[in-house]
Amino acid sequence: MKIKQLSVFVENKTGRINEVAQILGRHGINMTAFSLADNADFGILRMIVSDVERAEQVLREAHFGVSVTEVVCLSCANVPGALSEVLDGLAKEQVFIEYMYAFSEGDTARVVIRPTDLDRCIEILQHCPCCLISKSILKQ
Amino acid sequence: MIWNPTKECMSREDMRRLQGERLHKLVERVYHNTPFYRRKMQEMDVTPDDIRSVDDIVRLPFTTKQDLRDNYPYGLFAVPMSQIVRLHASSGTTGSPTVVGYTRRDLAIWAEMTARCLSAFGTDCNDIFSVAYGYGLFTGGLGLHYGVEYLGATVIPMSSGNTAKQIKLLHDFGATAIACTPSYALYLAEAMAKTGIPREEFRLKTGIFGAEPWTENMRREIEHKMGVNAYNIYGLSEVMGPGVSHECEYKDGSHIIEDHFLPEIISPETLEPLPYGEQGELVFTTLTKEGMPLLRYRTKDLCSLTDEPCRCGRTNVRMSRIVGRSDDMLIIRGVNVFPSQIESVILEMEEFEPHYLLIVDRVQNLDSLEVRVEVRDGFYSDEISKMLALRQKLSARLQSVLGIKADIKLVEPYSIERSEGKAKRVIDKRVLQ
C-alpha cells in the first residue's frame with residue numbers, strides 16, 4: 001500500500017530538472033508521476049519512479065540531494081466530484097495532507113498523497129470510494 | 001575651527017617629547033597595574049625605565065584582539081573597578097566579546113577629542129546633531145553623543161533603525177548634522193528622497209561617517225544625494241571609540257589625536273615598523289588611557305601615515321583611508337564579522353556540510369551577506385517547509401552570533417568548491433576604491 005517517493009533538491013537553475021530526467025533515462029528508470037514544489041531559491045522534485053533504490057543511488061552519485069518518503073497512491077474515477085468524496089473521508093477523520101499531486105488518463109485518475117500520518121490515512125482510504133495502488137502496478 | 005590649537009598644532013618636536021613622556025608614564029602604569037603587560041615585558045626583559053622616548057616603543061610588546069579575549073572581561077584593566085565608570089563591548093566576535101572600561105577621566109578625554117573632530121568638520125554650538133549610530137554597548141552612539149554635548153551643540157540621541165522616524169525628526173527638529181555609518185547614510189538619503197519632502201526643507205549640512213570602510217565614490221554619492229559635506233571619523237572600541245582620527249576641511253587623510261594615541265605602521269608579516277608613506281598595519285598605543293590602556297594594539301586595519309603638515313594648520317600625523325584588513329575580518333553594516341564565526345556555527349549543526357561560501361555585496365547601498373551552505377545527506381526533505389525550517393534555524397543562530405541578519409541560500413551537494421589548501425570562502429563584491 002505504501003509507495004516510496006523520491007524527492008530531489010534542485011536549485012532554481014535552468015536545465016536542472018532536465019538533468020535529473022536524463023540521468024534516470026540513461027539508467028532505464030521510468031518516472032510514473034512527478035511534481036515540483038518550489039520557492040524563490042530552490043525546488044523539490046517529487047517523483048514516483050520504477051526503481052526507487054536505483055534512482056536514489058544514481059542521483060546521489062551525480063551529487064543530488066535526495067530523500068525517500070513513503071506516500072500513498074490511489075486511483076478513483078475520473079469524474080467530477082470523485083476526488084472530493086475521497087478527501088471528505090480524510091478530512092472527517094482529521095487526516096492532514098502535507099501535499100498531493102495527481103494525473104488522469106481516460107476513465108481513471110491517480111492521486112499521490114503525502115499525509116502527516118500515513119498509516120491512519122491508508123486505513124481510512126480503504127473505506128473510501130477509491131483503490132489504493134500497490135507498488136507492482138506502478139512499476140509497469 | 002581648531003578646537004585645541006595647543007595640542008593640534010604643536011610642533012613635531014614638542015609632540016614627540018610629549019608623547020615620550022606620556023609613553024614612559026603609561027608603561028609604568030601598565031607594568032605595575034596590569035599583570036598581563038608586566039609578564040610580557042619581563043619575558044622581553046624590558047622595564048619601564050627602558051622606555052624614555054617614542055623611539056623606544058619598538059621594545060614594547062604588541063597587543064591583539066585575541067589578548068583582549070583571553071583576558072575577558074577585565075583582565076587588561078589597569079585600575080580597580082571602583083574607578084571604572086562605564087563599560088563598552090565590541091560587536092560580535094568568536095567566543096567572548098571584547099570589553100573596554102573607562103574611567104571618568106577617560107570619558108572626559110574621549111568627549112574632548114570627539115569635540116575636536118566635530119570642530120574640524122566645521123560644526124559648533126549652533127548645530128543640531130542626529131546621532132544615528134547605535135546606542136548601547138557599541139561605542140559609536142554614546143561616543144558621538146558626549147562629543148556633541150562637549151562641543152556645546154544639541155544632540156538628538158536617535159540611535160539606529162526606524163528610518164521613517166529618523167527622517168521625520170531630521171526634518172521637524174531641523175537637524176544640521178548627522179552621524180551614522182556611510183552605508184546607512186546612503187540608504188537614508190534614498191529614503192529621504194522617496195518621502196517627496198523637498199530637500200530644501202531639511203537643514204542638514206554636515207555628515208559624520210565612520211565605523212566601516214568607505215570610498216571617495218561613496219562620499220560623492222552621499223554628498224550629492226543628501227546635500228551634506230561628508231567627513232570621515234575613525235575609531236575603534238578597543239582604543240577608545242570614534243574620534244581617534246578625523247578629517248578636516250581639506251579631506252586629505254584623517255588627523256590622529258596624537259597627544260592621546262601614538263600611531264605606528266608595521267608590516268603585518270614581520271611586525272617591523274615601516275616608515276611614513278608605506279602601507280601596513282596600523283598600531284596604536286593609548287598614551288593617556290587609564291581604564292584599559294593598550295600597548296601597541298594591532299588594529300588589523302591597513303593604511304599609511306604621513307607627517308606632512310596639513311593645509312588646515314594641524315601638525316598631527318594623518319592616516320590614509322583604510323584600504324583593507326590584515327586578517328579576514330569583514331565589516332558588514334558597521335559590524336565586525338569573521339568568517340570563522342560563521343564557520344563555527346555551521347560546524348556545530350549536523351544538518352549542514354562544513355562547506356560554505358560567503359558573498360558580501362552592497363545592495364541598494366546597504367551591505368548584504370549571503371551564506372551558501374549545503375544540506376547534509378539525510379537531512380533533505382520532500383517538504384519545502386522542512387527545508388525552510390532548516391534554513392531558518394541556521395539564520396537564527398547566525399544572527400545571534402553575528403548580530404546581523406544573513407541571507408541563507410541552500411545549495412546542491414558539492415556545488416561549493418572543495419579544496420585541499422586555502423579554500424576561497426569569501427567573495428566580497430563591494431568595491432572600495
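**View 1. Strands β5 and β6 of chain B lie side by side in this predicted model.** β5(B) and β6(B) run parallel and are joined by 4 bridges. Strands here are DSSP runs of E with at least two residues, helices are runs of H or I with at least four, and both are numbered from the N terminus. Two strands count as paired if DSSP finds at least two bridges between them. C180(B) stands opposite F209(B) in β6(B). Both faces of β6(B) are covered: T206(B) and I208(B) on one side, and G207(B) and F209(B) on the other, are all buried. Buried means a relative accessible area under 20%, exposed means over 50%, and partly exposed is in between, with a 1.4 Å probe and protein chains only.

Residues are numbered from 1 along each chain as its sequence is written, and chains are lettered from A, and ligands numbered from 1, in the order in which they are written. Because the model is predicted, local features need pLDDT of at least 70 and side-chain atom pairs count only at pLDDT 80 or more, while totals for chains, interfaces and linings use all residues; side-chain values use heavy atoms, with hydrogens and water left out.

**View 2. An open sheet of 9 strands in chain B has mixed pairing.** The strand order is β4-β3-β5-β6-β7-β8-β9-β14-β13. At the edges are β4 (154–156) and β13 (305–306) of chain B, each of which pairs on one side only. β13(B) is antiparallel to β14(B) (residues 318–319), with 2 bridges between them. L305(B) has M319(B), in β14(B), as its bridge partner. Helix α5(B) (residues 104–120) packs on this sheet and touches β3 (128–131), β6 (206–209), β7 (229–236) and β8 (241–246) of chain B. Contact means heavy atoms within 4.5 Å. The direction of α5(B) makes about 50 degrees with that of β8(B). Helix α9(B) (residues 216–226) also packs on the sheet, touching β5 (177–180), β6 and β7 of chain B, and its direction makes about 130 degrees with that of β7(B). Axes are lines fitted to C-alpha atoms, for helices over the stretch in contact, and the angles run from 0 to 180 degrees between N-to-C directions.

**View 3. Another open sheet of chain B has 4 strands with antiparallel pairing.** Its order is β10-β11-β12-β15. β10 and β15 (324–325) of chain B are at the edges with a single partner strand each, so one side of each has no neighbour in the sheet. Between β11(B) and β12(B) there are 4 bridges, in the antiparallel sense. V283(B) has R298(B), in β12(B), as its bridge partner.

**View 4. The largest nonpolar core has 47 residues.** Such a core is a set of buried Ala, Val, Leu, Ile, Met, Phe, Trp, Tyr and Cys residues joined through side-chain atoms within 4.5 Å. L23(B) and F284(B) have the most contacts inside this core. Elements giving two or more residues to it include α2 (12–33), α3 (35–43), β10 (261–266), β11 (280–286) and β12 (297–303) of chain B. The largest share, 5 residues, comes from α2(B). Another core, of 32 residues, lies apart from this one; F42(A), V373(B), L398(B) and L410(B) are among its members.

**View 5. Strand β1 of chain A pairs with β3(A) and with β4(A).** β1(A) is mostly covered, with 8 of its 10 residues buried. The pairing with β4(A) (residues 65–77) is antiparallel over 8 bridges, and that with β3(A) (residues 42–49) is antiparallel over 6 bridges. The bridge partner of F9(A) is G65(A) in β4(A), and in β3(A) it is I44(A).

**View 6. Q5(A) is placed in strand β1 (residues 2–11) of chain A.** Q5(A) is buried, with a relative accessible area of 0%. The side chains of Q5(A) and Y101(A) are joined by a polar contact of 2.8 Å. A polar contact is a pair of N or O atoms within 3.5 Å; within protein, one must be able to donate a hydrogen and the other to accept it, and residues adjacent in sequence count only if both atoms are side-chain atoms. Leaving aside neighbours within four places in sequence, the residues in contact with Q5(A) include R46(A), T69(A), V112(A) and D382(B).
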